[in-house]
Amino acid sequence: MVSSEEQSAPESSASAHPPLYRALKSRRADYVRPQTIRIKVGTWNVAARSGTDRDVREWFVKGKGVVRQLCGHKVSDDQRTSTDNKGGKEQEEDEESGDEKTVPFPRGDKDNNPEGIGLYVLGLQEIVDINSPTETLKPYHDSAPVNKWKKAVQDALPTGYQLVAESQLVGLLLLIYASPSVAGNISSVSNSNVATGLLGYVGNKGAVSARLVLGQTTPLVFVNCHLAAGSDKGSLDRRNWDAGQILSRTKFNPVDIQHELVDDSIETIGKEDVAFWFGDLNYRLDHIPANDVRNVLHRHTLNSYDGTDKSQGQSKAQSDSPSQSTPEGDGKADSSNQDGEETLDIPPCLSDEEVDPHTDPSSLQTTISSLIPHDQLRIQQKQGKAFQNGWREGPITFLPTYKYDVGRVAVFDTSEKLRGPSWCDRILYRTRQDRLSYEQQEKEAQEAKRKDEEMKKSGLAQAVSDDTVLFDYDPATDGANEDEYEPSEAQSTGNLSAEAQKISNDPVRLEYYQSCQAILTSDHKPLQAVFTLTYESVIPELKAKVHQEVAWELDRAENESRPGLTVVVDDPEVMRDTSRGEDGDANAIDFGSVAYNIPVSRSLTVANTGSVPATFYFAEIPGFAKDTLRAVPPWLNIQVEKKVDHEGDGKQKPHTGEHSLLPGELATIQIIVHVRDMNHVRVLNYGEVKLEEILVLRVKDGRDHFISVHGKWLPTCFGLSVDDLTHMPEEGARTLEATPEAWARQRERASARLSAPRELFRLTETISELTERAVAEWSMTKSGSDEESSPPWLSEPYGMKWPFTKETWTLQDQEKRAPLLAIAHEALDTNKPLNSIFPPEVPALQYVEILSEVLLAFLHSLSDGIVTTAVWQKLEQDMIAREKAKMPPRTWEEVQTWVLENLSYSPAHSVSFTFVTFMLGHIVNEVAPMRQQEPPGKPPSDPQQDGPSPPSPAKEGQQQRMNPPPPPTPASTAAFIAAGSFRRRARTVTSSSSSSETPSSGDNPSLVRRQAVETALATVFSSYLISSDVPVPSKDKEKRALEARKRGIIEPFLKTFGVD
């Protein structure tokens, strides 16, 4: 039974349980009722002798084998039968006058179960020879001895008893049987074995334990042990060590505290309500010679077995021949009374009614009482070395249980060793209140000791005994009117009341505790005890009714008190998913068509329609990457804005974290889909994933809201490979289906394959044209004006990278650039002309800057790059080899030829590389035209060109701007470049890296600027033309060398060129 102190203690652990369990437990009084059960515990060291299993029926089940003369007092009927087992009118009157909640204890059939036992608990030791290494160290489990004992006990028990727990460790065996009415009331059975024998871990010594829960409320623990043998001091210490090991190492499976009405998982010894510890504890008698013990006990057994009387000799002879003592030959004394107690033919003596054995100095009980102070177990308990924390034992009124001559009654060991008689076999028990009382006493003792030490340190103890303290006391007058105090009377009254209260509150009552002297087949005598346990048991019918009521009350209270949010999708008609039918989910968000890098926004309205404040947040769900969690996918952005903001800022807040709404408040949630991650773009393009997700709007202590978001992905040319771009249909990527099957069909059309990506050609050609127009517009509109301004390509320090770096852009506002970028993306995906997609008011400068940003994004999105990782590794190895060989650097023409040869494996990559470098060379000519510096008096000449000198690049560019040639068609230009019908024309003035003909840079400032522009643009595009999968070294020196090599394969293509 659980005490009130223990019930209220574990409040913190109960708070972690579900509300239904806590509420059901709080009403336990409505469905639990007190019940009683009789538990019979028996223990016997059978010494591995044959025939002992045949005796179990007589002594353990029928209760026979108790010799009345050797019990110290008469075994009366009221000790052998529970006071609760009343019959006839007494039982009816008790039941009628009792509490209506009390369930009467089920009475046993007198013929089948004369003692009305609910649980039979049998602990055996040495069912096999534990001194044999073959048995102790056997590598396999031999079930034959266990099965033999299980069959013997099952056959001996009345019909219907069930084995509810069993545990074995070498020679130790624990069997627990329950009556039919009790078996269904047992749950959470768990067993545990602890070996403490050789080396502390061999099973020749140790314990087997079982834990079970009775009536879903009362945990019981049963421990059957066999501790170390021996009578010396070392053996005593080893027994104490064994007991400590059993306590610390016994582990049970946890109890399901949501199913059982317990406050702990009961995984160790000490957490249970009642524990029984029994077995061969092997504690001996100290400070008394064995012969003295034998002689003093012999005085009480001599009259019966001294052999001087003829009848006694017959009895002795019968004991020596077990096969003749009983028809079954089971080795028991042959005479018994109707109560099952053994009687012997001895001279008449005074009965217990005539002389109290406790006051008779010549009685066996007095002799036993004189020996008990020498019992090692009692001494160790008092000294706090073993079994001190609340364990108790019934009064010992029987002869020592060890050691006897086999086959003889009350004849102690007559072998050469002459072992001294001892109470080796014991049955201990403890309730939860016993343990708590002991712990409280220990705590008080420690506190008192601490206070005494503090008083000694402060000198108060000396001050109390100081002679200067005066007492004004007159013994003649003080206390004259008071009644005389009788200490003995007060002490006895107080002790009686406390003891009576303790007994009345004790859930366990020991009915009897006896040994069976007439069982002769082992050198140990069996020991048995019967307990009556009062406990609370769950009545299933009442619990089911209370469970239904509690569930209904919780549901009603939860609905009334839990936060309630209402989620409404704004503009449901606009956002309806028509592809899923007209009757689509009204709470689903359809983003419609979603294109690359173009955000699409939808909104939700969240209202607190409940009566309590509500806190909500977006719960984490599995992420795009493996083993990751995130509240929303990376392509979604969520912003929360409260309509009534008590914090005073009124600004939108990100979705991360929690947001609270008071009753009646509203919040708007903006959900924005923005696909920018290129890995995600690729899988969307190929149809491997879809734009759909389920967001979980979690309300604390409330109901979750599941919001489905989805959109239709519009395929794009971004994120594809060069090879896939050459299979693009003429109408553009937008006409493709985002499915693997559609891409497979498109690749099969070999006839439709292009020599290079159409999108790349259109971008580079349009940027070249617009650069020329932008430079011309600036020259016509800005040059010569009063405004002191310079073109962006002349601005410092980033002007040399114009128009491919944002620091040089004339339109910096991202909000104004975003719609223009979206127009350009759309034109690329739908194959619209790029030179007329923007409104007329957009100047050429901004036009070319927008398309330049698109070009860089397009090159960066290529999955393989124009110069693939494999090609670059080959080029880099060649360059490193030439550096190590200290070979002279290649000329521009040699570099161009070498690079194009390495790219020739794939015409698409080669032509694409040429498109970009052709465009860069054109831009360099426009923004950094080279003017040759002429010596005075001598016209400029070109030693490498026959015929008349050509006009200067500036004049030539101006003439081309005034009379621009018609733009070539995409097919003609692509074929022209792919066929290699052009070559770069070397300049008269070269850079310092090309040849020895290079004059000093200071002779021509235009050359200096042109070289800087070429280097800057080559640096920019080295990161876009070469695959991003190329590994980057960690050291700065190696990084700079890698950047120089990348720049070295691009810069030669940017020199002055013409077409023959």
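Modeller: A search of the whole structure, which is a predicted model, finds 31 salt bridges. Side chains of opposite charge can pair when their charged atoms come close.

E439 and R435 meet through their side chains in a salt bridge, with 3.1 Å from N to O. Both residues belong to helix α16, which covers residues 432-458, and because they are 4 residues apart there, about one helical turn separates them. Their surroundings can be stated too. E439 has 40% relative accessibility and counts as partly exposed. R435, at 13% relative accessibility, counts as buried, because the limit for buried is under 20%.

The next pair joins a helix to a loop. R890 forms a salt bridge with D878, and the closest N and O atoms are 3.1 Å apart. D878 is in helix α26 (869-884), while R890 lies in the loop between α26 and α27 (892-903), so the pair ties together parts that are 12 residues apart in sequence. R890 is buried, with a relative accessible area of 18%. D878 counts as partly exposed at 26% relative accessibility.

Helix α26 also takes part in the next pair. The side chains of E883 and R1045 meet in a salt bridge, at 3.6 Å from N to O. This pair links distant parts of the chain: E883 is in helix α26, R1045 is in helix α32 (residues 1036-1048), and 162 residues separate them. E883 has a relative accessible area of 47% and is partly exposed. R1045 is buried, with a relative accessible area of 15%. Salt bridges that share partners also join D375, R378, E393 and R426 into one network.

Now the rest of the chain. It has 32 helices and 26 strands. Of its 1060 residues, 47% count as buried. Among contacts in the chain with a separation of 6 or more, 74% are accounted for by residues 24 or more positions apart. The chain exposes about 53,200 Å², and carbon and sulfur atoms supply 51% of that area.

Two of the strands can be described in some detail. Strand β15 (residues 565-569) has a covered face made up of L565, V567 and V569. Its uncovered face holds T566 and V568. In a regular strand the side chains alternate between the two faces of the sheet. β15 pairs with strand β17 (residues 600-608) in the antiparallel sense, over 5 bridges. In this pairing V568 stands opposite T605 of β17.

Strand β18 (residues 614-618) is mostly covered, with 4 of its 5 residues buried. Antiparallel pairing joins β18 to strand β23 (residues 659-661) through 3 bridges, and A614 stands opposite L661 in β23. β18 is also joined by 3 bridges to strand β25 (residues 692-699), again running antiparallel. There, Y617 stands opposite R698 of β25.

Note on methods:
Residues numbered from 1 in each chain as written. Predicted model: local features only at pLDDT ≥ 70, side-chain atom pairs only at ≥ 80, totals over all residues. Heavy atoms only, no water. Buried < 20%, exposed > 50% of the residue type's maximum accessible area, 1.4 Å probe, protein only. Pairing = 2+ DSSP bridges. Contact = heavy atoms within 4.5 Å. Areas by Shrake-Rupley, 256 points an atom, 1.4 Å probe, with all protein chains shown as cover. Salt bridge = Lys/Arg side-chain N within 4 Å of Asp/Glu carboxyl O.
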